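Please read them with the structure open.

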Amino acid sequence: MTALLGYGVMLCWPFFGDRLILAHDMVYAFIKAVSMSQAWAHADWIGRWTPEILRGHGYPFFSFYAPLFFYVSAFFSFFFPVIRAFNLGIILFFSLAGLTMYLFTRELWGRPGAIISAVVYLAAPYHLSNLYIRGAVGELTAYALFPVVFWSILRLSSSCDECQEQQEK
């Protein structure tokens, strides 16, 4: 588990500073994170209207786009500068993706298989290109949640199998 955490830190190393990585959507995502932080500072906890977007005209961005990453980033901005809070959100969800994949696959293949699965999941080219080239923080957040969904389906199906076995008796 420690090796998996170290591997995740190694892959996220550029985000440990106080600067943004220049990816396609990273600057826009940062503007949206700042907008959510400002909404929270004004006690608008949902952040439905973002006046900073669309050249100052405003836009209901969080009504149409997944806000979980921006909520976490806004929470971190209470304790850290905004750029560091944004980067911590990226590090958190990237690391969480490896952890959730490990927990999901540990039930299927045991500990060695789970470590290999989590390492491969973190180093998948599409996952890394979303992080470093596209700057897609919404997809980065979803990568942390996919294994939880699959784990839930696995647990639900195994509990249904147990119910059928009890009914047959």
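Is Ser73 buried or exposed? The first point takes this up.

1. Ser73 is buried, at a relative accessible area of 1%. Buried means under 20% relative accessible area, exposed means over 50%, and partly exposed lies in between (1.4 Å probe, protein chains only). Ser73 sits in helix 3, residues 68-76. Helices here are DSSP runs of H or I with at least four residues, numbered from the N terminus. Leaving aside neighbours within four places in sequence, Ser73 contacts Ala33, Ser37, Ala85 and Phe86. Contact means heavy atoms within 4.5 Å.

2. A word on provenance. The model is predicted; local features need pLDDT of at least 70, side-chain atom pairs count only at pLDDT 80 or more, and totals for chains, interfaces and linings use all residues. Residues are numbered from 1 along each chain as its sequence is written, and side-chain values use heavy atoms, with hydrogens and water left out.

3. Next, the core. The largest nonpolar core has 41 residues. Such a core is a set of buried Ala, Val, Leu, Ile, Met, Phe, Trp, Tyr and Cys residues joined through side-chain atoms within 4.5 Å. Phe70, Phe86, Ile90 and Val137 have the most contacts inside this core. Two or more residues come from each of helix 1 (2-11), helix 2, helix 3, helix 4 (82-122) and helix 6 (137-168). Helix 4 gives the most, with 14 residues.

4. Val137 deserves a look. Its contacts, leaving aside neighbours within four places in sequence, are Met26, Ala29, Phe69, Phe70, Phe86 and Ile90.

5. How do helix 4 and helix 5 pack, and at what angle? The angle is about 170°, and the axes lie 11 Å apart; helix 5 spans residues 125-134. Helix 4 is therefore roughly antiparallel to helix 5. Axes are lines fitted to C-alpha atoms, for helices over the stretch in contact, with angles from 0 to 180 degrees between N-to-C directions. Angles under 35 degrees count as roughly parallel, over 145 as roughly antiparallel, 65 to 115 as roughly perpendicular and the rest as oblique.

6. Which residues make that contact? Ile90, Phe94, Ala97, Tyr121 and Leu122 of helix 4 meet His127, Leu128 and Leu131 of helix 5. By class, the contact has seven nonpolar residues, one polar and no charged. Ala, Val, Leu, Ile, Met, Phe, Trp, Tyr, Cys and Pro count as nonpolar, Asp, Glu, Lys and Arg as charged, and the others, Gly among them, as polar.

7. There are three salt bridges. Each needs a side-chain nitrogen of Lys or Arg within 4 Å of a carboxyl oxygen of Asp or Glu. In one, Arg84 meets Asp18 at 2.6 Å, N to O. Arg84 lies in helix 4 and Asp18 in the loop between helix 1 and helix 2, 66 residues apart. Arg84 is partly exposed at 32%, and Asp18 is partly exposed at 45%.

8. Another salt bridge joins Glu107 and Arg155, with the closest N and O atoms 3.6 Å apart. This pair links helix 4 to helix 6 across 48 residues. Glu107 is partly exposed at 40%, as is Arg155 at 42%. Glu139 also pairs with Arg134, at 3.0 Å between the closest N and O atoms.

9. Check the backbone at Ala43. Ala43 has a positive phi of about 65° although it is not a glycine. Most residues other than glycine have a negative phi. Ala43 is in the loop between helix 2 (26-41) and helix 3.
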